[in-house]
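Here is a protein model to look over.

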Amino acid sequence: MSKQESIRQQADTVEASEALHLEQDKSEQIVEALNTDLAATYVLYHQLKKHHWNVEGAEFLGIHEYLGEAAADAEAAADELAERAQALGGVPLAGGKRLEEHAPVEPENHDVYDIRTSLHNDMEMYGEIIETVRDHVELAEGLGDHATAEMLREQLITLEEHAHHLEHYLEDDTLVLESATN
């Protein structure tokens, strides 16, 4: 078996795209922000999948399906973030350990929690990511990268929708009888 080992671009470097006409220092700042968002999104994705796999109880099916959809949205967003970082001349972060190290959010530990705790943890993580993405929209806009700012705005809408849905799941109104929860 033949093995070719030639590095085309080192990790953590940016070679600004000539085609996109964005200066090197601006590209570096935006790629760093995109990689931060990429890392956060993958941490969120894995936490959502954990909860999707482990949800139980009377509302199992609806929550299971919702968490699957939310995880799919996170995976799609991560792909978009990585592709944009690459288009700007950067190297998207890859690998679980590197992603978790660069994420501005902390995943919950490996235990399985009741669904209210799990959903609350997800809502908190969404909130932290929303704050970071808002900052990155402003950064990209301020550096003249309107395409990245627009992409992040679109992702922000989805993030906020999911955070809002989680907030509704956590309300105290339920069809489950009180006797069933004691």
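## The end of H2

Helix H2 is followed by Gly89, whose phi is positive, near 100°. H2 itself covers residues 60–87, and helices here are DSSP runs (H or I, at least four residues; strands are E, at least two), numbered from the N terminus. With 28 residues, H2 reaches 40 Å from its first C-alpha to its last, close to the 40 Å expected at 1.5 Å a residue; the expected span is 1.5 Å times one less than the number of residues.

This is a predicted model, where local features need pLDDT of at least 70, side-chain atom pairs count only at pLDDT 80 or more, and totals for chains, interfaces and linings use all residues. Residues are numbered from 1 along each chain as its sequence is written, and side-chain values use heavy atoms, leaving out hydrogens and water.

## The whole chain

Stepping back, the protein chain has six helices and zero strands, so from the N terminus on its elements read α-α-α-α-α-α. Its C-alpha atoms fill a box of roughly 65 × 50 × 20 Å, taken along the principal axes.

An unreviewed UniProt entry carries the annotation "domain: Ferritin/DPS" for residues 32–173; such annotations may be inferred rather than shown by experiment. That span is 77% helix and 0% strand, and its end C-alpha atoms lie 42 Å apart.

## H2 and its partners

Two packed helices are described by the angle between their axes and the distance between the axes. The axes are lines fitted to C-alpha atoms over the stretch in contact, with angles from 0 to 180 degrees between N-to-C directions. Helix H1 (residues 24–54) packs on H2 at about 160°, with the axes 8 Å apart. H1 and H2 are therefore roughly antiparallel (over 145 degrees; under 35 is roughly parallel, 65 to 115 roughly perpendicular, the rest oblique). Their crossing is left-handed, with the near helix turned anticlockwise from the far one by less than a right angle.

H2 also meets helix H5 (residues 146–169): their axes come within 11 Å and cross at roughly 165°. This pair is therefore roughly antiparallel too. Contact means heavy atoms within 4.5 Å, and the residues making it include Tyr66, Ala70 and Asp73 of H2, along with Met151, Leu152 and His162 of H5. By class, this contact has 10 nonpolar, six polar and three charged residues (Ala, Val, Leu, Ile, Met, Phe, Trp, Tyr, Cys and Pro count as nonpolar, Asp, Glu, Lys and Arg as charged, the others, Gly among them, as polar).

## H4 against H5

What does H5 do with helix H4 (residues 115–142)? The two axes come within 9 Å and cross at roughly 160°, which makes H4 roughly antiparallel to H5. The contact of H4 with H5 divides into 15 nonpolar, four polar and seven charged residues. H4 passes H5 in a left-handed crossing.
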